[in-house]
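Dear colleague,

I am passing on the structure we spoke about, and below it you will find my notes on what came out of it. Please read them with the structure open beside you.

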Amino acid sequence: MNKLMTALVFAAMTFGAGSALTVVPIQAMIAESGFQTTFFNFGIGQGIIVCVLAFVLRVPKAGEVPATTTNANVIQSTRQFSPSEIIGPTPYWLVGTAIALIGGVAMWIMGWQFYIPLALAILIFAYGGYIVTTRGQPIFLLMYFMFVIVGAGGLMVTANLAPIAADLKVASIPVSMMGLTMTALTFAATLDRILNGLTRPFFGWVSDQIGRENTMFIAFFIEGLGIFALYKLGHDPVWFVLLSGLVFFAWGEIYSLFPSTCTDTFGTKFATTNAGLLYTAKGTAALLVPYTNQIQKATGSWDIVFIISAAANILAAVLALFVLKAWRVRVIAKG
């Protein structure tokens, strides 16, 4: 493995696992100074570090970037789709943006702020889905939908790990594992970040061997089972730590599989832009997360949230293997 590939693998891992180093310091600062001070200090510190290190980046020299190769195990397109070919012409999206802004302001004035994220998510799928289906590549909408339902499950656990641990009454229970002893919540938060980093190069490598959709099926199915098992066994602190780690291990691969699947389908020329458009699905998924708290408050437990999240991942696994795989073959053959 050359230096560039090693750097890319390391970057993919640290994107998820690097945050494990800040779990304990952030928790300690929140307890001592509050979350406002903590967010401000860590935000400013991270911003300064990023800006300083940005000056170290440079354009690769000749010979540092490996030559593009084909993989017999992966279905890859030779046609180069531009972003407007995938999602439709720009004017249509400008109209959608105007609708979203006007609608959001109107809902804010009427006091419906709580429903703005849900309305925006519905607009993205209704109006955006119509544009992609009629003016772009409908298969992109399927990948976007799969990204959203899988991403929402992982984001739900990420955002609510502490409340879930508290409701399951395991948050402050000490857990000893791998020579370390920490409270279940701290242990889970740290382990989750590490596994969330390791899963990216791991499942990326697996997908190179057996194909993207086959790997998606395995990972999404594991995540669905992990979430359901967390719902059933999470009252035990050890199981809470292990199963939350399993969920994050199976969830983090979306950040390696979806971009690579997008590039394999639509070509490498506009790979960054096209993958970036697909990555907005994470933002759409985040719009749905606040409503999981409302389900919990309405029912008094996380049971329904766990079941819905597990079912969504199983659905994505089935769609990957039995719909996306065959559809990509047809799109690439046509191209």
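This is a predicted model: local features need pLDDT of at least 70, side-chain atom pairs count only at pLDDT 80 or more; totals for chains, interfaces and linings use all residues.

Leaving aside residues up to four places away in sequence, Met146 touches Met216, Phe220, Phe258, Ala316, Leu319, Ala320 and Leu324.

As general background, nonpolar side chains tend to be buried together in soluble globular proteins.

Helix 7 also packs against helix 8, at an angle of about 160° and with the two axes 10 Å apart. Because angles over 145 degrees count as roughly antiparallel, helix 7 and helix 8 are described as roughly antiparallel to each other. Their crossing is right-handed. On the helix 7 side the contact is made by Thr158, Leu161, Ala162 and Ala165, which meet Leu185, Ala188, Ala189, Asp192 and Arg193 in helix 8. Sorted by class, this contact of helix 7 with helix 8 has six nonpolar residues, one polar residue and two charged residues.

Helix 8, residues 184–210, has a further contact with helix 9, residues 212–233, where the packing angle is about 130° and the axes lie 7 Å apart. That angle makes helix 8 oblique to helix 9. Helix 8 passes helix 9 in a right-handed crossing. The residues of helix 8 that take part are Phe203, Gly204, Val206, Ser207, Asp208 and Ile210, and they meet Arg212, Asn214, Thr215, Ile218 and Ala219 in helix 9. By class, the contact of helix 8 with helix 9 has five nonpolar, four polar and two charged residues.

Is Asp264 buried or exposed? Its relative accessible area is 5%, and since buried means under 20%, Asp264 counts as buried. Not counting residues up to four places away in sequence, Asp264 touches Val74, Ile75, Gln76, Ser77, Arg212, Arg328 and Ile332.

The remaining notes concern loops. Most residues other than glycine have a negative phi, and for that reason two residues may be worth a look. Lys169, in the loop between helix 7 and strand 1, has a positive phi, near 60°. With a relative accessible area of 68%, Lys169 is exposed. Met178, which is found in the loop between strand 1 and strand 2, likewise has a positive phi, in its case near 55°. Met178 is exposed as well, with a relative accessible area of 61%.

Gly179 is placed in the loop between strand 1, residues 174–177, and strand 2, residues 180–183. At 81% relative accessibility, Gly179 counts as exposed. How far apart are the C-alpha atoms of Gly179 and Val289? They are separated by 35 Å, and the two residues are 110 residues apart along the chain.

Note on methods
Residues are numbered from 1 along each chain as its sequence is written. Side-chain values use heavy atoms; hydrogens and water are left out. Axes are lines fitted to C-alpha atoms, for helices over the stretch in contact, and angles run from 0 to 180 degrees between N-to-C directions. Helices (H or I, at least four residues) and strands (E, at least two) are DSSP runs, numbered from the N terminus. Angles under 35 degrees count as roughly parallel, over 145 as roughly antiparallel, 65 to 115 as roughly perpendicular and the rest as oblique. A crossing is left-handed if the near helix is turned anticlockwise from the far one by less than a right angle, and right-handed if clockwise. Contact means heavy atoms within 4.5 Å. Ala, Val, Leu, Ile, Met, Phe, Trp, Tyr, Cys and Pro count as nonpolar, Asp, Glu, Lys and Arg as charged, and the others, Gly among them, as polar. Buried means under 20% relative accessible area, exposed over 50%, partly exposed in between (1.4 Å probe, protein chains only).
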